[in-house]
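Visitor: Hi! Could you walk me through this structure?
Guide: Happy to, here it comes.

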Amino acid sequence: MERVAQTYQDHSRAIWTLGMPLILSNLAQFAIHITDTVMLGWYDVTALAAATIAGTLFFVIFIVGAGFSQAVTPLVAAAAEEDDDVQVRRVTRMGLWLSIFYGLAVTIPFFWAEEILIAIGQEAEVARLADIYLQIVIWQMIPALIVMTLKAFLAAMEHTAIILWATIGTAVLNGFINYALIFGNWGMPELGIKGAAMASLTVNLITVLILMVYITRVLPQFELFKNFWRSDSEILKRVFRLGWPIGLTSLAEGGLFSASAVMMGWIGAIELAAHGVAIQLASLTFMVHIGFSQAATVRAGRALGRRDELSLRRGGITAIGMSALFAILTSVVFLALPETLVSLFIDPNEPERANLLRIGASLIMVAALFQLVDGLQVLALGLLRGVQDTTVPMVMATISYWVIGLPVSYLLAFTFGFGAVGLWLGLVIGLAVAAVLLLWRFWGRSVKITPQVLA
């Protein structure tokens, strides 16, 4: 077993060593979405708007099921710290079971995607193109959830290099397939938004195969896929109890941004396209904070397994500091170069380029404001999940995002007439409240590893 981190320098090194591959793999994974956005933006602005709303709808459903995979990380980390290989296997298998069951259950509503999008106020052409995209992408729901669970297992076991290299490889492959199928290059048919969907499905299937082969060959002692059909009701219930609040917490946050996309569509297609670009840039930096959060979950889970409160406290302080420093740096970049960043996504010959740049740049400047609070709230969630505290944080997050953030967004955007900028300012307020409440929860209660808290 590796030496336990003692000093803040030890914790910084441990978080960096574990977190950097996770951060880079998150960025590589996000490169798939960036590639779709850039290429569709150059292909057609309506296709970009459709992909934005379609991706939002898919993601808001996906992240609920991803809660079960995220529950795997702290449970496996704690079991690994206790050298309990059987528990590691039981938890991961039941995480996979829940992911598959969920993926099957949520497929059906997507067959009426066009009708749903029109019912929530999207323009007819945007809804039609989004439906074309979703009828292909829905078949990646189960593979994507399986990938999330296998990555959670590997992260908890601190085998993060394979996550990085597999994600980089499939991100590159996605770029080539997009280039061929969206524009009709290299003798392939020009499929537009349909080609982007086919690329996304392909890379998810390949990622599942890569991770399964790696686990079978490098970590055979866990026998994850042997007798896979055998149920384990005790662990299934435990993963479910820990995972459903994580999924609903993610839904609360993801739903906030999804609702903002819907409301942006009420303002106009140009505003929605600009929103899509700005969200991509803000989400790009958010991938770094997610990586720190994932590392914090693993480190907190292992500290819990050792019953090491001092390590949990020092690790928490270190992770928060690293995330905050990165947030400050990215805020400076966003404030200094808003139009330059937005212009990377827009065709120079696009007739609406000037409007897209103007609106997108204003949103990027608002995004600079929530870099810190967004990073802090997701880092706090990671620490809380590491100590298996998920239900109360779910309530705190839901109140912050939906009772405070979304109504303020609506008021500022429509009642007070601030439009797209006002809508984003409401997001800032909701995220700030979440950061304060979640950090208070961790430092006030969950950081204390005592028999009462563990019970």
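Visitor: Which residues of α5 are buried?
Guide: In α5 they are V126, A127, L129, A130, D131, Y133, L134, I136 and V137. Buried means under 20% relative accessible area, with a 1.4 Å probe and protein chains only. This is a predicted model: local features need pLDDT of at least 70, side-chain atom pairs count only at pLDDT 80 or more, and totals for chains, interfaces and linings use all residues. Residues are numbered from 1 along each chain as its sequence is written, and side-chain values use heavy atoms, leaving out hydrogens and water.

Visitor: What covers the buried residues of α5?
Guide: The cover includes α1 (8-43), α2 (45-81), α4 (113-119), α6 (141-156) and α8 (193-218). Helices here are DSSP runs (H or I, at least four residues), numbered from the N terminus.

Visitor: OK, new topic. Is L164 buried or exposed?
Guide: L164 counts as buried because its relative accessibility is 10%. L164 lies in helix α7 (residues 161-183).

Visitor: What does L164 touch?
Guide: Not counting residues up to four places away in sequence, L164 touches P21, L24 and S25. Contact means heavy atoms within 4.5 Å.

Visitor: And how do α11 and α16 cross?
Guide: The axes of α11 (residues 309-336) and α16 (residues 419-446) come within 12 Å, crossing at roughly 165°. Axes are lines fitted to C-alpha atoms over the stretch in contact, with angles from 0 to 180 degrees between N-to-C directions.

Visitor: Which residues make that contact?
Guide: From α11, L312, R313, G316, I317 and I320; from α16, L439, F442, W443 and S446.

How values were computed:
Helix = DSSP H or I, 4+ residues; strand = E, 2+ residues; numbered from the N terminus. Buried < 20%, exposed > 50% of the residue type's maximum accessible area, 1.4 Å probe, protein only.
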